[in-house]
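Please walk me through this model in the viewer, one selection at a time. I would like to know what to pick next and what is found there.

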Amino acid sequence: MADRFLELHQIKKSFGRQTILNNLNLTVNRGDAVVIIGKSGEGKSVLLKHLIKLITPDEGEVRIEGENILQMDFNELSIVRRRFGMLFQSAALFDSMTVAENVGLGLKESRTYSKDVIDNIVMEKLSMVNLADAADKMPSELSGGMRKRAGLARAIAHSPEIMLYDEPTTGLDPITADMINNLIVNLNDRLNVTSVTVTHDMKSAFKIADRIVMLYQGKVAFDGSVEEVKNTTNAMVKQFITGSSEGPITE
Ligand SMILES: Nc1ncnc2c1ncn2[C@@H]1O[C@H](COP(=O)(O)OP(=O)(O)O)[C@@H](O)[C@H]1O
Ligand SMILES: [Mg+2]
């Protein structure tokens, strides 16, 4: 039996007169690696932000283990958010801090751990992303791929149960992108996390996903395994994965 972990239920979200999500339903089971695809501006990032209430829907419910996070008070929501790790598109590192300080910042602020414990965790996470040698470097000394990896180490510093990745490979060259994809697959396995990744890069999607969800006009237009996506007769999905300007998807 599938173990329903996260659910978006009948989500409606508009910005002004623009409807972005229109009665959207999505269930993520524990252990899933879900990848959300869709063209630019379709609402992928908006969807992801709903999962941790960085955006509040106009209607609908956002559930974790069956509980609606929209009804939680500040403390309850903070506890839920700590179960997530997030790697956003601009893996914004603080320029005035070393890589190690950036990775350890959240742990330091939680005031739960001693400095020695934090130093150990930081080095462990940096090793996981093959960045141990760069611990004392400043962000300005890093390449794009190294910055992403530092952001990734920071996102996993508190050992989250659920990882959210927003366009983890956008802006990287193909080789570095492949390295990041491998790292994500590896981390998802090793850390035993549930993950939701937003991307418009099909190579990443095929590599990371065990389930692919396509967002189109505010709804889930397709939801299936990598095999199902590759063999689909759905014209819209076909058009998207082949990157063709001809097909049902216009503008
Ligand atoms: N905070 C916001 N205020 C107003 N409009 C927004 C906001 N966030 C996103 N949008 C709009 O919602 C649409 C979907 O955005 P987004 O989820 O970022 O798309 P993508 O699928 O490329 O990630 C875009 O038209 C964007 O301009
Ligand atoms: Mg986006």
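In what order do the 4 strands of the open sheet lie? The model is predicted, and in it the order is E2-E1-E4-E5, with antiparallel pairing. Colour the two edge strands, E2 (18-29) and E5 (67-68); each of them pairs on one side only.

Next, select strand E1, residues 4-15, together with E2. The two pair in the antiparallel sense over 9 bridges.

Now move to strand E3, residues 33-37. Of its 5 residues, 5 are buried. Display the side chains: Ala33, Val35 and Ile37 point one way, whereas Val34 and Ile36 point the other way. This is the pattern of a regular strand, in which side chains alternate between the two faces of the sheet.

Strand E8 (residues 194-198) pairs with E3 in the parallel sense over 4 bridges; here alanine 33 stands opposite serine 195. Strand E9 (residues 211-216) also runs parallel to E3 and is joined to it by 4 bridges. Isoleucine 37 has methionine 214 of E9 as its bridge partner.

Centre on valine 34. Leaving aside neighbours within four places in sequence, valine 34 is in contact with Val28, Val196, Ala209, Arg211 and Val213. Valine 34 is also one of the residues with the most contacts inside the largest nonpolar core, which has 61 residues. In soluble globular proteins, nonpolar side chains tend to be buried together.

Then show ligand 1. Its surroundings are Phe15, Ile20, Gly38, Ser40, Gly41, Glu42, Gly43, Lys44, Ser45 and Val46. Colouring this shell by class gives 3 nonpolar, 5 polar and 2 charged residues. Helix H1, residues 44-50, supplies the largest share of the shell, 3 residues.

Finally, zoom out to the whole protein. There are 9 helices and 10 strands. The radius of gyration is 18 Å, close to the 18 Å that the globule rule gives for 251 residues, so the protein is as compact as a globular protein of that length. Along the principal axes, the C-alpha atoms fill a box of roughly 55 × 45 × 40 Å. Colour by burial, and 38% of the 251 residues are buried. Of the contacts between residues at least 6 apart in sequence, 65% join residues at least 24 apart.

Methods:
Residues numbered from 1 in each chain as written. Chains lettered and ligands numbered in written order. Predicted model: local features only at pLDDT ≥ 70, side-chain atom pairs only at ≥ 80, totals over all residues. Near = placed C-beta within 6 Å. Nonpolar A, V, L, I, M, F, W, Y, C, P; charged D, E, K, R; others polar. Pairing = 2+ DSSP bridges. Core = buried A, V, L, I, M, F, W, Y, C linked by C-beta atoms within 7 Å. Buried ≥ 20, exposed ≤ 12 C-beta atoms within 10 Å, placed from the backbone. Contact = placed C-beta atoms within 7 Å. Rg over C-alpha atoms; globule rule 2.2 N^0.38 Å.
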